[in-house]
Amino acid sequence: MNREEIEKLIEETARKERAKRKGVSVQKVRSILNVVFMLCAVAGLILYFAWPDNRLAGMAVIGAGMCFKIIEFFLRFLF
């Protein structure tokens, strides 16, 4: 066995161990965060165009949604 095969086996074993853990899975959390992001994006766009006097409110909602997306991004690469 070479080094690459050993590393691949270790990674696969670690992935299986994470899958066996009980509780809330990272995939479910990521899915929820993605849904929240999409809802914020749609609501922000509606506010932005429907309320032209105060476009800052729409941008704030979109910015809040981006925070959720950034959290999801880090969860994707950490777990």
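Analyst: Read along the sequence, the protein chain of this predicted model follows the pattern α-α-α. Its secondary structure comes to three helices and zero strands. The radius of gyration is 19 Å, well over the 12 Å that the globule rule gives for 79 residues, so the chain is more spread out than a compact globule. Along its principal axes, the C-alpha trace spans about 65 × 25 × 10 Å. Of the 79 residues, 11% count as buried. The chain exposes about 6,600 Å², and carbon and sulfur atoms supply 68% of that area. Among contacts with a separation of 6 or more, 51% are between residues 24 or more positions apart.

Now the salt bridges. A search of the whole structure finds five. Take three of these pairs in turn: Glu 7 with Arg 3, Arg 30 with Glu 72, and Lys 69 with Glu 72.

Start with the pair in H1. Glu 7 forms a salt bridge with Arg 3, and their closest N and O atoms are 3.1 Å apart. Both residues lie in helix H1, which covers residues 3–20. They are four residues apart, about one turn of the helix. Glu 7 is partly exposed, with a relative accessible area of 41%. Arg 3 counts as exposed, at 65% relative accessibility.

The next pair joins two helices. Arg 30 forms a salt bridge with Glu 72, with the closest N and O atoms 2.7 Å apart. Arg 30 lies in helix H2 (residues 26–50) and Glu 72 in helix H3 (residues 55–78), so the pair ties together parts that are 42 residues apart in sequence. Both partners fall under the 20% cut-off for buried residues. Arg 30 is buried at a relative accessible area of 18%. Glu 72 is buried too, at 1%.

Glu 72 has a further partner, Lys 69. In that salt bridge the closest N and O atoms are 3.4 Å apart. Lys 69 and Glu 72 both lie in H3, three residues apart, about one turn of the helix. Lys 69 counts as partly exposed, at 26% relative accessibility, whereas Glu 72 is buried. The links extend to a network of salt bridges made of Arg 30, Lys 69, Glu 72 and Arg 76.

Look next at the helix that carries Arg 30. H2 has 25 residues and reaches 36 Å from its first C-alpha to its last. That is close to the 36 Å expected at 1.5 Å a residue. Its buried residues are Arg 30, Leu 33, Phe 37, Cys 40 and Gly 44. What covers them includes H3, the helix in which Glu 72 lies.

Last, the nonpolar surface. Ile 70, Phe 73, Phe 74, Phe 77, Leu 78 and Phe 79 make a nonpolar surface patch of about 680 Å². Phe 79 is found in the segment after H3. With a relative accessible area of 52%, Phe 79 is exposed.

Notes: Residues are numbered from 1 along each chain as its sequence is written. This is a predicted model: local features need pLDDT of at least 70, side-chain atom pairs count only at pLDDT 80 or more; totals for chains, interfaces and linings use all residues. Side-chain values use heavy atoms; hydrogens and water are left out. A salt bridge is a side-chain nitrogen of Lys or Arg within 4 Å of a carboxyl oxygen of Asp or Glu. Buried means under 20% relative accessible area, exposed over 50%, partly exposed in between (1.4 Å probe, protein chains only). The expected span of a helix is 1.5 Å times one less than its number of residues. Contact means heavy atoms within 4.5 Å. Patches are made of residues with over 30% relative accessible area and no salt bridge: like charges are joined within 9 Å, nonpolar side chains (Val, Leu, Ile, Met, Phe, Trp, Tyr) within 5 Å. Accessible areas come from the Shrake-Rupley method with a 1.4 Å probe; for residues, only the protein chains shown count as cover. The radius of gyration is taken over C-alpha atoms; the globule rule is 2.2 Å times the number of residues to the power 0.38.
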